[in-house]
Number of protein chains: 2
Amino acid sequence: MAEQTSGTPRVAVRRPNRADARRNFDALLGAAREVFAESGTSASLEEIARRAGVGIGTLYRNFPTRQDLFDTVYLGEVEELCQAADEVADLPPWDGFVVWLRRFVDYVATKRAIYESLNRDSETFRSCRVAMYGAGEPLFDRAQAAGEARTDVSFDDVLRMISGLTATGFTDEAQRDRVLGIALDGVRRRPAG
Amino acid sequence: MAEQTSGTPRVAVRRPNRADARRNFDALLGAAREVFAESGTSASLEEIARRAGVGIGTLYRNFPTRQDLFDTVYLGEVEELCQAADEVADLPPWDGFVVWLRRFVDYVATKRAIYESLNRDSETFRSCRVAMYGAGEPLFDRAQAAGEARTDVSFDDVLRMISGLTATGFTDEAQRDRVLGIALDGVRRRPAG
DNA sequence: AGATTAACGGAGGGGTGCCTCCGGTACAAG
DNA sequence: CTTGTACCGGAGGCACCCCTCCGTTAATCT
């Protein structure tokens, strides 16, 4: 019912101290990354344990609920994505924004969980969304301020658009890039007239 | 193994003759439409039978495989979509194209199977895709010929873009429309310059 | 090396879905 | 109304997944 209603919720999972336990923990996290990427949030936990080469009991000891496991994977990925925002700070406004979005695309492409998370409604998801927006939105604001991006759309519009396109299957990478280009053209400020 | 390798494959399902059997057949199709729309192609067949108010045996008698059931639902929906193409023939090129796309969006929105089908690889899916493209592509060609749509993108690019956006969750209908508008702006021919 | 105990892994009970099979039902023809 | 049979529905076998529990293993400490 009301687990984690107080203080800072966050993930209650900790990397163990014993050597073998640490190995298993990491293997599980790696396998979970893979499997969640392939099958989405509803992937089989037994499959994850199998792929990590550990018993199902070990999985449950480290991550008592599916949510715990997922959150741990997800937090790491979002963190990486947020860092990427710093690396584009010194590019021209539009370019910086686009480069970050491409980065975003690379993540979402293999990790459809991130895509699913845009709509999910949970504590962790919400706070990750906040972090992600905190990283990306300033880039968009800057592009708007520089007159490079339309001002009648929001960052949320753009992010959802991009993530939707990313989650879609295309015949090849070239088509995906082409389509992303089209969509971004729509975001760009129209030449006066 | 090699079922249906000869002649015109198509769906091997027929509406029964006896009154009660016809009733069940229709109920199953209706329930399947609903459930496939809600849960995608991998929905539970027992759920469909339950919702149709018939036994699971009846489902399997009418539709021996999941594919048979799905194909029957899917064929009907694609047919409706193709018809819509005729109704926009007398609108101006760009408008006609956009109106058809909006129609497309309405379908995909509730029937995510159509979206999934863009990438699936089966006999029926392929032929439906052909039909769908046969209906929509001329509209796009016309818009291109009239100088209203970019010529460096293909109809396939656009359709995948739209269906991707449609399958995405948005906070509300208004946002979805806004984003579709942005994307279509990217498809439109840029004002000279 | 030996003791301590954290950590392991998988058996097993419960749930759900897939699909087959067959005793029962009720439509429709005579 | 009777009868033949097309059709019904769900029980049941198999497979997979969830999660718990506990006897066994081996990492760490002394």
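Which helix supplies the largest share of the surface near DNA strand D? The legends below take up this question together with other close-up views. The structure is a predicted model, in which local features need pLDDT of at least 70 and side-chain atom pairs count only at pLDDT 80 or more, whereas totals for chains, interfaces and linings use all residues. Residues are numbered from 1 along each chain as its sequence is written, and chains are lettered from A and ligands numbered from 1 in the order in which they are written.

**View 1. The surface near DNA strand D.**
The largest share of this surface, four residues, comes from helix 3 of chain B, where helices are DSSP runs of H or I with at least four residues, strands are runs of E with at least two, and both are numbered from the N terminus. Around DNA strand D there are 23 residues, of which A19(A), N24(B), V54(B), G55(B) and G57(B) come nearest; a residue is near a strand if its C-beta atom, placed from the backbone, lies within 6 Å of it. At least two residues each are supplied by helix 1, helix 2 (45–52) and helix 3 of chain A, and by helix 1 and helix 3 of chain B. By class the surface holds eight nonpolar, seven polar and eight charged residues, with Ala, Val, Leu, Ile, Met, Phe, Trp, Tyr, Cys and Pro counted as nonpolar, Asp, Glu, Lys and Arg as charged, and the others, Gly among them, as polar.

**View 2. G55(B), one of the residues nearest DNA strand D.**
G55(B) sits in the loop between helix 2 and helix 3 of chain B. G55(B) counts as partly exposed because it has 13 C-beta neighbours inside 10 Å; a residue is buried if 20 or more other C-beta atoms, placed from the backbone, lie within 10 Å of its own, exposed if 12 or fewer, and partly exposed in between. In sequence G55(B) and N24(B) are 31 residues apart, while their C-alpha atoms are 9.7 Å apart in space.

**View 3. The surface near DNA strand C.**
DNA strand C is surrounded by 23 residues, the closest being N24(A), V54(A), G55(A), G57(A) and A19(B). Helix 3 of chain A gives the most to this surface, with four residues. Helix 1 (19–39) and helix 3 (56–62) of chain A, along with helix 1 (19–39), helix 2 (45–52) and helix 3 (56–62) of chain B, each provide at least two residues. The residues of this surface are divided into eight nonpolar, seven polar and eight charged.

**View 4. Helix 2 of chain A and its buried residues.**
Within helix 2 of chain A, I48(A), A49(A) and A52(A) are buried. Seen down the helix axis, the buried residues fall within an arc of 95°, so they line one face of the helix, the arc being that of the directions from the helix axis to the C-beta atoms. The cover over these buried residues includes helix 1 and helix 3 of chain A. Just after helix 2 of chain A, G53(A) takes a positive phi of about 75°.

**View 5. A143(A) in helix 7 of chain A.**
Helix 7 of chain A spans residues 123–145 and contains A143(A), which is buried, with 24 other C-beta atoms within 10 Å. Leaving out residues up to four places away in sequence, A143(A) touches P93(A), W94(A), F97(A), E148(A) and A149(A), where a contact requires the C-beta atoms of two residues, placed from the backbone, to lie within 7 Å.

**View 6. A183(A) and the largest nonpolar core.**
The largest nonpolar core has 96 residues, and those with the most contacts inside it are A183(A) and A183(B); such a core is a set of buried Ala, Val, Leu, Ile, Met, Phe, Trp, Tyr and Cys residues joined through C-beta atoms within 7 Å. Apart from its neighbours within four places in sequence, A183(A) is in contact with M161(A), L165(A), M161(B), A183(B) and G186(B).

**View 7. The contact between chain A and chain B.**
The contact takes 23 residues from chain B and 23 residues from chain A. On the side of chain B that touches chain A, helix 8 (155–167) and helix 9 (173–187) of chain B each supply at least two residues, and the largest share, eight residues, comes from helix 9 of chain B.
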